[in-house]
Amino acid sequence: MCETNTMQVEWRNTVSTPSQQRTEDELRRDLCTTARRLYRLGYAPATSGNLSVRLDERTLLVTPTGASKYLLRRADIVVVDLEGHQIEGARNATSELGMHLAFYRRREDVNAVIHAHPPIATAFACAGRALDEILCQEAAMTLGPVPLAPYATTGTDEVADSLGPFIPAYDAVLLANHGAVTCGTTLFDAFCKMETLEHVAQIRLATWQLGSWNPIEEDRERLLRRARERYLQNSV
Ligand SMILES: [Zn+2]
């Protein structure tokens, strides 16, 4: 499992807090679009998964509990504050709100959080395996190693507690026997990390089937981190 140390803080991919510059209506639309993408990819079957995005300094837009991510409408979205109080919305906020709040409270650079169950990454989480080896250069540039948070009962405070040690240093975390969570500067950024995480899991599984795998060596990893920093600076 990954350790949270200062070196790996470099793997955070949210170097600044660009203004979202999106209206509430646009953010609601972004939530519905991203939710449908997750559903179509098979990352959020039935009514599973949940998404959130910062509306302003004090409030978030979050998906409601028990909603299909394919059928989600803008009017279904709920407004909550950073204490978890519901401010607006006809439906109740996701039962995993605590998982989302745990990121926003600890990371000012985070503007969006996505929780989903991408099948291969979730299989790693169910097998008790982190995805902490860097195998692909592209994944190293955009995601970094992904630790495995200890088992926690879904919908309880245990989830935020189990994630807590990993949140300062990582943008993607596997949840034991559950799924995955990613964060980003935007919903699209958090979605790309979820998609990359599932891709990395597929590649890792295929290397097992092939019978060998060659993690990128440490000095090469360092060069990739430098290239990543340049990439992030240029993309702000
Ligand atoms: Zn879940």
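Visitor: What makes Ile120, Ala121 and Phe124 in H4 contacts of residues in H7?

Guide: Two residues are in contact if their C-beta atoms, placed from the backbone, lie within 7 Å. By that rule, Ile120, Ala121 and Phe124 in H4 meet Leu197, Glu198, Ala201, Gln202 and Leu205 in H7. The helices are DSSP runs of H or I with at least four residues, and strands are runs of E with at least two, numbered from the N terminus. This is a predicted model, in which local features need pLDDT of at least 70 and side-chain atom pairs count only at pLDDT 80 or more, while totals for chains, interfaces and linings use all residues. Residues are numbered from 1 along each chain as its sequence is written.

Visitor: Why is H4 called roughly perpendicular to H7?

Guide: The axes of H4 (residues 119-126) and H7 cross at roughly 65 degrees and come within 7 Å. Axes are lines fitted to C-alpha atoms, for helices over the stretch in contact, with angles from 0 to 180 degrees between N-to-C directions. Angles under 35 degrees count as roughly parallel, over 145 as roughly antiparallel, 65 to 115 as roughly perpendicular and the rest as oblique. The H4-H7 angle therefore makes the pair roughly perpendicular.

Visitor: How do you know that strand S8 is largely enclosed?

Guide: A residue is buried if 20 or more other C-beta atoms lie within 10 Å of its own, exposed if 12 or fewer, and partly exposed in between, with C-beta atoms placed from the backbone. Six of the six residues of S8 (residues 179-184) are buried, so the rest of the structure largely encloses this strand. Gly179, Val181 and Cys183 point one way, and Ala180, Thr182 and Gly184 the other way.

Visitor: What makes S5 and S7 partners of S8?

Guide: Two strands pair if DSSP finds at least two bridges between them. S5 (residues 112-116) has five bridges to S8, and S7 (residues 172-175) has four. Both pairs run antiparallel. His115 stands opposite Val181, and Leu174 has Ala180 as its bridge partner.

Visitor: Why are S4 and S6 called edge strands?

Guide: The open sheet has eight strands in the order S4-S3-S2-S1-S5-S8-S7-S6, with mixed pairing. S4 (86-88) and S6 (148-149) each have a single partner strand, so one side of each is left without a neighbour in the sheet.

Visitor: What is meant by the largest nonpolar core?

Guide: A nonpolar core is a set of buried Ala, Val, Leu, Ile, Met, Phe, Trp, Tyr and Cys residues joined through C-beta atoms within 7 Å. The largest has 62 residues, and Leu174, Ala180 and Leu197 are among those with the most contacts inside it. Helix H7 (residues 187-210) gives the most to this core, with seven residues.
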